[in-house]
Amino acid sequence: MNDDLLAQLSNLAFVVAIAVYVLALLGFAADLAGSAQRRSDARLAARERTAVGAAGAGDKAGSVAVLDREPVPAPGASGSGGMSAGAFAMIMASAAATLHLAGVVLRGLATARVPWSNMYEFAMTGTAVVMAVFLLVTVRRRDMRVLGTFIVGPLLIIMLIAQRMWYLPAAHLPPSLQNSHWLVIHVLVAILASALFALGAVVSVMQLVQARRERRGRAGAPASTKAGRLGAAIMDRLPTSTDLEAFAFRLHAIGFVLWTFTLIFGSIWASTAWGRYWGWDPKEVWTFVIWVVYAAYLHARATVGFRGDRAAWFALVGFASVVFNFTIVNTVINGLHSYSGLT
């Protein structure tokens, strides 16, 4: 098949994937809002029945029993017997991820190389890995499906930015990157690590929001507006802040191991390409900075009891370093790693 045709099919797959991701985002949002509204309505009805029962019988234990018997909607449950918004969202997300991965493969076939040699390809491959990891996680942790809105939303933004600002036609590699197996190993490991850091950052943000809500609940501060009550009901579907922090820690720990190999493999590749393992190139420096930040985060949390909001903010500083490394260092700071192809 003609390389130009493969490149066009790759671009088409990416565009269609973006459209299907939009449908998945709407499904996740509808599931989240619908379930939250049902929970809020159920609690309001339970309170009203409790108040009526307490006024009629004066039995506090009975009112508690009424509240305890109040059914809680199952995640993704549909009251009409048809397909739920959550099920629709998962189907659309799976279909979009399949198209997304197909676009990555077609891009590689069109260029006869691995499809991650510039910012556009790295972004498209990286977001595909993020979505694939999220879908795999939700197979074992169904409660994490509630994060779909917060995963697909940023993923869509990155894909749209890549399509509009970072797009480059399919082309051969620059001479310095040709015939090197380290391009496959080094960059692939970096993509996997970045994907885990991105997922960890999303979970850390949700941890901060959930922790704030839990503190307000312990202080006895009820939501004063309908929007506030709806937001509280949405957060009810998330795991506790402690569970979210533990999950984020595992993601960051695996990502850190992969980033360590990114640093090591990059040094070996630098020795092969430029005759030295380390040269204080901006990309090398920021790769090391990222490693130091995540190493400090993992060490502090594991040995000093660094927990809660402080750990989440520390992890987000690490991800901010990843974003800076991918955007500013690639496009603004000149160096030996300036392979973005953008002018």
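The model on screen is predicted.

**Stop 1: helix 9**

Colour the buried positions of helix 9. They are Lys-283, Glu-284, Thr-287, Ile-290, Val-293, Tyr-294, Ala-295, Tyr-297, Leu-298, Ala-300 and Arg-301. Next, check the length of the helix. Its 22 residues, at 1.5 Å a residue, should span 32 Å, and the end C-alpha atoms of helix 9 lie 31 Å apart, which agrees. Past the end of the helix, select Gly-305, which follows helix 9 and has a positive phi, near 75°.

**Stop 2: helix 9 against helix 10**

The contact of helix 9 with helix 10 is made up of 16 nonpolar residues, five polar ones and one charged one.

**Stop 3: aromatic pairs**

Now show the rings of Phe, Tyr and Trp. The count of aromatic pairs comes to 16. Select Tyr-120 and Tyr-167: the ring centres are 5.0 Å apart and the planes stand at 80°, so this pair is edge-to-face. The two residues come from distant parts of the chain, 47 residues apart, with Tyr-120 in helix 4 (residues 119-140) and Tyr-167 in the loop between helix 5 (148-166) and helix 6. Tyr-120 has a relative accessible area of 0% and is buried, whereas Tyr-167, at 33% relative accessibility, counts as partly exposed.

Move to Phe-122 and Phe-326, an aromatic pair with 5.3 Å from centre to centre and 35° between the planes, which makes it tilted. Phe-122 belongs to helix 4 and Phe-326 to helix 10, so the pair ties together parts 204 residues apart in sequence. Both Phe-122 and Phe-326 are buried.

Then select Phe-256, Trp-278, Trp-280, Phe-288 and Trp-291 together. Ring pairs link these residues into a cluster.

**Stop 4: two serines**

Select Ser-180, in the loop between helix 5 and helix 6. With 18% relative accessibility, Ser-180 counts as buried.

Go on to Ser-241 in helix 8. Ser-241 is buried, its relative accessible area being 11%. Which residues is Ser-241 in contact with, leaving aside its neighbours within four places in sequence? Select Gln-207, Gln-210, Ala-211 and Glu-214 to see these contacts of Ser-241.

**Stop 5: the whole chain**

Zoom out and colour by secondary structure. The protein chain has ten helices and zero strands, and its elements run α-α-α-α-α-α-α-α-α-α from the N terminus on. Switch to colouring by accessibility: 46% of the 343 residues of the protein chain count as buried. Finally, draw the contacts between residues at least 6 apart in sequence. Of these contacts in the protein chain, 83% join residues at least 24 apart.

Methods:
Residues are numbered from 1 along each chain as its sequence is written. This is a predicted model: local features need pLDDT of at least 70, side-chain atom pairs count only at pLDDT 80 or more; totals for chains, interfaces and linings use all residues. Side-chain values use heavy atoms; hydrogens and water are left out. Ala, Val, Leu, Ile, Met, Phe, Trp, Tyr, Cys and Pro count as nonpolar, Asp, Glu, Lys and Arg as charged, and the others, Gly among them, as polar. Helices (H or I, at least four residues) and strands (E, at least two) are DSSP runs, numbered from the N terminus. The expected span of a helix is 1.5 Å times one less than its number of residues. Buried means under 20% relative accessible area, exposed over 50%, partly exposed in between (1.4 Å probe, protein chains only). Rings of Phe, Tyr and Trp (its six-membered ring) pair if their centres lie within 6.5 Å; planes under 30 degrees apart count as stacked, over 60 as edge-to-face and the rest as tilted. Contact means heavy atoms within 4.5 Å.
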